[in-house]
Structures are given as C-alpha cells and as structure tokens.
Amino acid sequence: MSLAFDMMRKSSTILTHLKSKKINFFSPSTALLSPQRNPILTNRFNSTTAHIPFTSNPIHDQHVIDFPGGNVKFIPEMRFIPESSQDRIPCYRVLDHNGEQIFGTDFVQVSEDVAVKMYSNMVTLQTMDNIFYEAQRQGRISFYVTTVGEEAINIASAAALSMDDVIFPQYREQGALLWRGFTLQEFANQCFSNKFDNGKGRQMPAHYGSNKLNYMTVASTVATQIPHAVGAAYSLKMDKKDACAVTYFGDGGSSEGDFHAGLNFAAVMEAPVIFICRNNGWAISTPTSDQFRSDGIVVKGQAYGVRSIRVDGNDALAIYSAVQAARQMAVSEERPILIEALTYRVGHHSTSDDSTKYRPANEIEWWRLARDPVARLRKWIERNGWWNDMAESELRNNLRHQLLRTIQVAESVEKPPLADMFSDVYDVPPSNLCEQMKWLKETVKKHPREYPTNISM
Amino acid sequence: MLGVIRHKTVRPTFSAFRHFSSSTKQQMTVRDALNSALDEEMSADPKVFLMGEEVGEYQGAYKISKGLLEKYGPERVLDTPITEAGFTGIGVGAAYYGLKPVVEFMTFNFSMQAIDHIINSAAKSNYMSAGQISVPIVFRGPNGAAAGVGAQHSHCYASWYGSCPGLKVLAPYSSEDARGLLKAAIRDPDPVIFLENELLYGESFPVSAEVLDSSFCLPIGKAKIEREGKDVTITAFSKMVGYALKAAEILAKEGISAEVINLRSIRPLDRSTINASVRKTNRLVTVEEGFPQHGVGAEICTSVIEESFGYLDAPVERIAGADVPMPYAANLERLAVPQIEDIVRAAKRACHRSVPMAATA
Ligand SMILES: Cc1ncc(C[n+]2csc(CCOP(=O)(O)OP(=O)(O)O)c2C)c(N)n1
Ligand SMILES: [Mg+2]
C-alpha cells in the first residue's frame, strides 16, 4: 500500500464519518477495540507492504499526476505489469509437516485447553464425516460432503473467531458449526431430514444452518454467500457490533462474479468481513489451472484494495493465528481481509463423485498421509505433553460409538409433518397456501392408499 | 476459437448407433439421444461448439457430452470456470460473430446467475440490431424437479423463459424428442432454451430408423399427440408426459378415453393442436411440475378459453407443483410434485362434471 493510497483512504474515511455524523449512523470512536483486549494487535500483523516516503511537492512536480486515488508517478519506460511475478506469494505457517514449531514464527499462543479442544474437534469432524459418508454409501441418506483434508481450516478458523461473528459458509465447513456447539445429533437429524431437523427437512443433507449459532444456512448456489457476508458485515458495522462477518468459499467459487463484487464492495464500504478461501486444488473435476491463471486467490485482494494473506491451510496454528489477526483488523479498523488457505480436497467432491477418474490416486494419498492436518496438530500437542495414545484411542472409540448411535436415532425419528411443507414460504401463510394445505390434507385422508404412510398430519 | 472453423469435419459415428440391428424398433436412452444429436451436429457444422462446467474432461455432470472432448478436442468442447454469467455472455458474443454455441448449465437453476445475458442479450439482440445480429445459441441442461436435491436444484423455468419474446423454449420427453428437438435447436438461427430432465436421462424409448438418421429433425412449435382419445385432453411436457400416458392407461380401464398431448415446444406454443383436441374432447387437464401461478398450464387454459370456450363441458383442471419451494424430505417432496393419481383424479373430475350434478371423485 502506498502512502498516497493510505492518504486517500484516510480522507474518504473522514468523509464517511462526516456524512454519517449528520445522519447519525456511527460514531468513529466506539467501534474500536482496545488493543489490550487482544494481545496480538501488534504492528507486525499489519500489512507487509512498506510505506514509501513521499517527499516531493505534488503541485509543482512535473513527474507526478494528482489523480483520484492519489499521486501517480510518471516514468519514461513503457513498462507493462507482468501477468505474474517471478516468485509466488509466500505462505505463512507455524508448524512444519512434522508438527514441529518453526523457529522464529509469529503466532498467537494457544492454551492447552484451546489446543486440545481444537484437536478433539478435528477428530470429531473427521469421524463424523467418515460415518455420514458411509451412511450415504449404504443408501441411508441421499447425499453428503466431507471435509477430509480441510479439518484445520474448518476448526482452527472457527476457534479464532468470536461467537458473535456471523458465518456465511459454502458447504464444506461443517467443522465451524461443530466448533460452535451444533451437536452430533443435530447434524444427524439434518442429514436424515427428520422432524427434529432444525431445517424442517427443507434442505439437502449437509446444508446446515443455525441462526442461534450465527451460521447462515448453506445455499447450493456457489459463491452467493460472499456478497451476503459483505452485506451482513455492513449491518454489523452500522449496529456498532463488536463482530465481523466471515465467509468461506472454494477456489472454484472465486470464479463467480459474486466473489469479485463481494471483494470490491467490502473494500469500498469498509466492511468488517473476512474472506476465507479454501484453495483445495479442485472444483469437482476442474483443476485450478482451468479456473484461473493468477497466483491463486491471494493476489486478487490487492487489486480490490483488500489486505490479504496466504496461509498453510493444513497448519491449524497458522490458520488460528491468521484468522485471529484478521478478525482484529477487520473489527477494529473496519476493513475486509482476504485469507487464502492452501490445502487439498482429499475426499471426493461429494457422494455423487469419483475423483480417481480425473486425478491420480497417489496425489490423493500423498495429501492424505503426508499432509494430514489432524496428524500434524496431534504431534504438536503430544510434544507439549497435552495428549497421548490413550487419550487418542479413548476419543476415537467414544466418538465412533456415539456417532453410530446418533444416526440410528436420527433414522428412527419420524419425518417432518405435512404442515412443514407450507410454513415459512412467507412470514404469515397467505390464504391460498392455507387452502392448499387443507385440500392436501383432505385428499390424503380420502385416498390414503395413494400416499406414503410416513406423512403425519 | 478461429481453429474451430478449420477443424476437420468427420462423419457421425456415435456408438449407440452401431449396437442396433435394422428391422426391430430399437431402444435408446434420452442420454444417448442427446449425445448423438450433439455429436452429429458438431460433426456436420464446424461452427457448433459446446461449453460449460465439467462438459469436457468429466463428460458433463450427467455424462451428456460423453466422448465429445476426445472427438472434437478442447477448442470445441470447453471446460469453463464456475462463472455462469461469464460463459453465457461469452457464448452470446461468440454467437453474434458466427459461431453456434451450445451452452450447458449443470442445472437450469444455475442459469439464474446468467439470466441477464439470456434475456437482455440473447433474446433481444436480433430485434435491437434490426435483424443485423442474430444469436444462434442453445442453452441446455436439466430443468425442474429431480429427486432429493431441494429447492435450489428443483425449480422449473419453463414458464419463465416461455414468457420472453425472442426465445424459443423446447422441452423434450422421449429419445425421439431429444434427438429431433436438439438438432432443430442447434440448427435454428434464434436463441433456444432446451429444458431437459435429469430423471429422464437414463430412460429408454423405442426409436425408429428415421429418428436415428442423422438428417432427422423436428419442427419447433409443434406438439405431438402421444395418445389419441375422445373424452378428455391432457397436456404435459417433459417428464409429466410419461405420467400423463400412465394416467391415460388407468383411465382407459375405467372407460375414459384420454388424449395426451406432448407439448414439445413451450414457446412457440402449439395452440392449434391443443384447441383442436379440446374441441374434440371438450375437457382439459393441464399438467406441469412447475408452480401454478403464471405457469404453462395457465397460458394453455387462457388459450382454450379464448379460442374454444364454447366447446368446454367442464372447468379446466390444472395440475402443478405445490406453491412452495421444493422441500428436501422425501415424504414432503412426494407431496409437492404431481403424481399419476393426481392426473387420474383430475381427469375423472372433469369427465364427471360434464354430467350435471354427478358426484366428484
Ligand atoms: C452457481 C453454481 N454453479 C455451479 C454449481 C455446481 N457446483 C457445486 S460445487 C462446485 C464446485 C465448487 O468448487 P470449489 O468452490 O473449489 O469448492 P470445493 O468443492 O473444492 O470445496 C460446482 C461447480 C453450483 N452449486 N452453483
Ligand atoms: Mg475447491
């Protein structure tokens, strides 16, 4: 970020505040967090771009044009900006592949409690994914998506957020909901669409949502969550909430116009929103080389004036630190932050996909075994003396039993009642829907043999 | 893309063709029908190319483009990034300047991301340019309810696109429809919306030698009488044609002779075939999976009221999906889409009502 840009930004902020004073939207002082509340608010987490001192007087300088956005220097060379830089944007990490903490890294200290909870949640997520995936294979549910390989992004990012932060997921982030306290039974009830499903059987399996937990219901339409998060962030800012919006999306999702509109608007509206891109290499069968030719997603941030970082997505500590720092900047400075997490979709795209048809099995295996984010965190907590083999086998055994029981229960519960078909189309059901429901009930009663038996009135 | 023009044309050799002997009526799935139609048209006209998400390497989310990448290469079978608005706009631009794109949507639900280019660019450009720039493009993919995929994968857009001048809207039912109509759509100089149905892809239908011939093509705007009858007319399109035919069988056992019209074309709508049938049977049941309000059935009903009101012996019965977004839970989904029994009951109601004071079923 150049100084000129910084100046421009400041002046536009002042303008916004002046305007807002009049209409009494927000006062600039109250929205700020005090630095003591978060130990990581240090300068080194801010943008890495150096500030270039600007000495000449622009008004008299023949080599500068005072252009909206700041001064632009004239140069004699015809210099095209290359399509890519020689070196790719580096990737921040804390733990090496062996779970060993790399000397001299910036990172947020994680307490034993949080570290163990993160790890247990990652194992829970992994086990839940395995068991639900198996349930789909057995024909007990119609669809499922796993997070295999992306457990660290799921859990560590959620751990770094506050419960008031509003999450706008894509569909591979059930771990964030798990972290927030959605129970295994609630997950199972949704996948089996029974009458206790808090989504009333309206959505496909794994399209979870919980207003209570500030987790927006998953939409099937890729990337639509991105501008929604920006809008929600703007609302949080207007309400002077000590919270931000967070949206997750994939490398594929970044191709939709919604991603670009979302980033641009977030910058212009100075919205406290964190964009977390899970760059897992694949969008169904489309590799990233068919999706974009830029150096991933992280470079797009600067083009829109959004501070950005690239993180090792399989390093829970790096994700945790980066998201916490991002949150701090987003909320206290009222600005968007883009995080690109480099990872790999170890599982098939969904249960409707067989990914060995389009990618080599050894590539999958390498990521599954040599780059497993769960094993990496385990090594670190074990090294700290916070975890051992006994705790591990106890956790995994318990989880397996608990989850198998959970799906048995979910399967045996009745399906949603007929009335759930008509409620919530509108806030208050209009008369035509009430009539429809009445007719339907009468018809089902009159012709019971023409209808399934699992329809409760 | 200039390479497209230079691409060598090859004779159509779709595999399904070779499996069948000559004399008996052969069976063909809708999937193979669509695949062979694409193959033949790409082979016949080097300007035709296919693009969309996963159409190449993956051969389409529903394997409709099987073998085409291998045969025509990546210049004519384009895997696109996930940007529906982008590749739809790019397709329209390619059509403005001489190419004939076939754009696949993974489902028509995702065409909503791109609807501006379909309505404001594709449908209107020929008119706005005073006929100087035509838009020979086909938008195709599965439309409407499938099974267990919820509200955002189950919407029927027939009446949406059907209400827009400049577009032609086709909805095939059988393999014959799929082949004949897709070929017609690709050869047509105007933008065509081609609404397929996921649940029909795997269904087999008998096809004649004529249908299998590479010159086979169906007229746009012409409905097909799938079954003749004299007591009640049932109109349907896409998957509902099969339901209407099954309902007609049941009705026949009870002495009611139903005439089933497969609309094939939603826009233009074959008003004359529909009205001629109603003038004969004096009763009408319309069937569609989409929503009732401003639906295809509503338009058909109006046409009959306008042209054949005096011939009607009973109020028109309209069968449509429930007026709610599609629920996922299987028991509720079953209630939200029309069933064969619904058609049977409606037809009986229409027939019995013509007898004054008769009890309704
Ligand atoms: C608007 C829209 N277009 C297409 C699809 C079909 N689709 C579902 S997931 C997906 C791939 C998304 O890939 P990515 O964003 O990388 O996420 P990942 O699956 O890798 O987590 C596609 C194309 C969709 N759901 N919505
Ligand atoms: Mg991806």
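Predicted model: local features only at pLDDT ≥ 70, side-chain atom pairs only at ≥ 80, totals over all residues.
Local features here need pLDDT of at least 70 and side-chain atom pairs count only at pLDDT 80 or more, while totals for chains, interfaces and linings use all residues. Residues are numbered from 1 along each chain as its sequence is written, chains are lettered from A in the order in which they are written, and side-chain values use heavy atoms, with hydrogens and water left out.

Let's start with chain A as a whole. Its secondary structure comes to 14 helices and nine strands, where helices (H or I, at least four residues) and strands (E, at least two) are DSSP runs numbered from the N terminus. Of the 457 residues in chain A, 51% are buried; buried means under 20% relative accessible area, exposed means over 50%, and partly exposed is in between (1.4 Å probe, protein chains only). Take the contacts in chain A with a separation of 6 or more, and 73% of them come from residues 24 or more positions apart; contact here means heavy atoms within 4.5 Å. The accessible surface of chain A is about 22,200 Å², with 56% belonging to carbon and sulfur atoms. Those areas come from the Shrake-Rupley method with a 1.4 Å probe, and for residues only the protein chains shown count as cover.

One bit of that surface is a nonpolar patch of about 370 Å², made by I65(A), F67(A), V72(A) and F74(A). Patches are built from residues with over 30% relative accessible area and no salt bridge, joining nonpolar side chains (Val, Leu, Ile, Met, Phe, Trp, Tyr) within 5 Å and like charges within 9 Å.

Now for the charged pairs. Over all chains, the structure holds 46 salt bridges, each being a side-chain nitrogen of Lys or Arg within 4 Å of a carboxyl oxygen of Asp or Glu. One of them joins R88(A) and D295(A), at 2.7 Å from N to O. R88(A) is in the loop between β2 and α2 of chain A and D295(A) in the loop between α8 and α9 (298-303) of chain A, so this pair ties together parts 207 residues apart in sequence. R88(A) is exposed at 57% relative accessible area, whereas D295(A) is buried at 12%.

K200(A) and D424(A) make another salt bridge, with the closest N and O atoms 2.9 Å apart. Here the loop between α5 (184-191) and α6 (225-238) of chain A supplies K200(A) and the loop between α13 (389-412) and α14 of chain A supplies D424(A), so the parts tied together are 224 residues apart in sequence. Both ends are partly exposed, K200(A) at 30% and D424(A) at 47%.

For a local pair, look at helix α12 (residues 373-383) of chain A, where R378(A) and E382(A) lie four residues apart, about one turn of the helix. Their salt bridge puts the closest N and O atoms 2.9 Å apart. Shared partners join R378(A), E382(A), D389(A), E392(A) and R396(A) into one salt-bridge network.

On to where the chains meet. The size of an interface is often given as the accessible area lost when the parts come together. The contact takes 48 residues from chain A and 32 from chain B.

Between the chains there is one salt bridge: E450(A) pairs with R345(B), their closest N and O atoms 2.2 Å apart. On the chain A side, α14(A) gives the largest share, seven residues.

Finally, chain B. T235(B) is in strand β10 (residues 232-236) of chain B and is buried, with 1% relative accessible area. Beyond its neighbours within four places in sequence, T235(B) contacts several residues, including I261(B), L263(B) and V287(B). By contrast, K253(B), in helix α11 (residues 239-253) of chain B, is exposed at 72%.
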